[in-house]
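Biologist: I am new to this structure. Please show it to me, and then I will ask about it piece by piece.

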Amino acid sequence: MSRAADATSVRHEVVVAAPVERAFEVFVNDFGKVKPREHNLLAVEIADTVFEPRVGGHVYDRGVDGSECRWARVLAYDPPERLLISWDIGPTWQLERDPDKTSEVEIRFVAEDAQHTRVVLEHRHLERHLEGWQAVRDGVDAEGGWPLYLSRYADLFPSG
């Protein structure tokens, strides 16, 4: 994995042993295995994390009691090359309801060869979170943020 960041964006990437179509499919369909359950804004334990595969859909956690926390909106859905979601979590790690105060996460799937895909994740426009936005940047850029998600994602594929 590698990373690079500027003041208002964070970028991480990983290469997985899968064709681009499979890499995209696993990211969307198995996102509940990628996102750690302890990353939780609900008052109860997470039963599942759902990625709705369409523009206008959401990424949300469903609690063991059936409650839901919709923490991202699907802004672009272009299989098998690109996903774009909002990041509707503010600097105090609470939901942000104003879309003008949310950042966005673009995930690109680039074929390295027939059996390997480079997955490039860029979390950008972090300054939109206004006061305290640096806490969002620092959190998602830390080892427990996007690097952990991409590591868990890569673990879903055999080595190769």
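Biologist: Which residues of helix α4 are buried?

Modeller: This is a predicted model, in which local features need pLDDT of at least 70, side-chain atom pairs count only at pLDDT 80 or more, and totals for chains, interfaces and linings use all residues. Residues are numbered from 1 along each chain as its sequence is written, and side-chain values use heavy atoms, with hydrogens and water left out. Helices (H or I, at least four residues) and strands (E, at least two) are DSSP runs numbered from the N terminus, and buried means under 20% relative accessible area, exposed over 50%, partly exposed in between, with a 1.4 Å probe and protein chains only. In α4, residues 146–154, the buried ones are W146, P147, Y149, L150 and Y153.

Biologist: Where on α4 do its buried residues lie?

Modeller: An α-helix has 3.6 residues a turn, so residues three or four places apart point the same way. The arc is taken from the directions from the helix axis to the C-beta atoms. Down the axis of α4 the buried residues fall within an arc of 160°, so they line one face of the helix.

Biologist: How many helices and strands does the protein chain have?

Modeller: Along the sequence the pattern reads β-β-α-α-β-β-β-β-β-β-α-α. That gives the protein chain four helices and eight strands.

Biologist: Is R73 buried or partly exposed?

Modeller: R73 sits in strand β5, residues 68–78. Its relative accessible area is 25%.

Biologist: Which residues is R73 in contact with, leaving aside neighbours within four places in sequence?

Modeller: Contact means heavy atoms within 4.5 Å. H123 is 50 residues from R73 in sequence and 14 Å from it in space, C-alpha to C-alpha. The contacts of R73 are G57, H58, L84, I85, S86, D88, P99 and T102.

Biologist: Which residues does a cis peptide bond join?

Modeller: Most residues other than glycine have a negative phi, and most peptide bonds are trans. The cis bond here has an omega of about -5°. The bond joins P79 and P80.

Biologist: What is the phi of W93?

Modeller: W93 lies in the loop between β6 and β7 (103–113). At 34% relative accessibility W93 is partly exposed. Its phi is positive although W93 is a residue other than glycine, and the value is near 60°.
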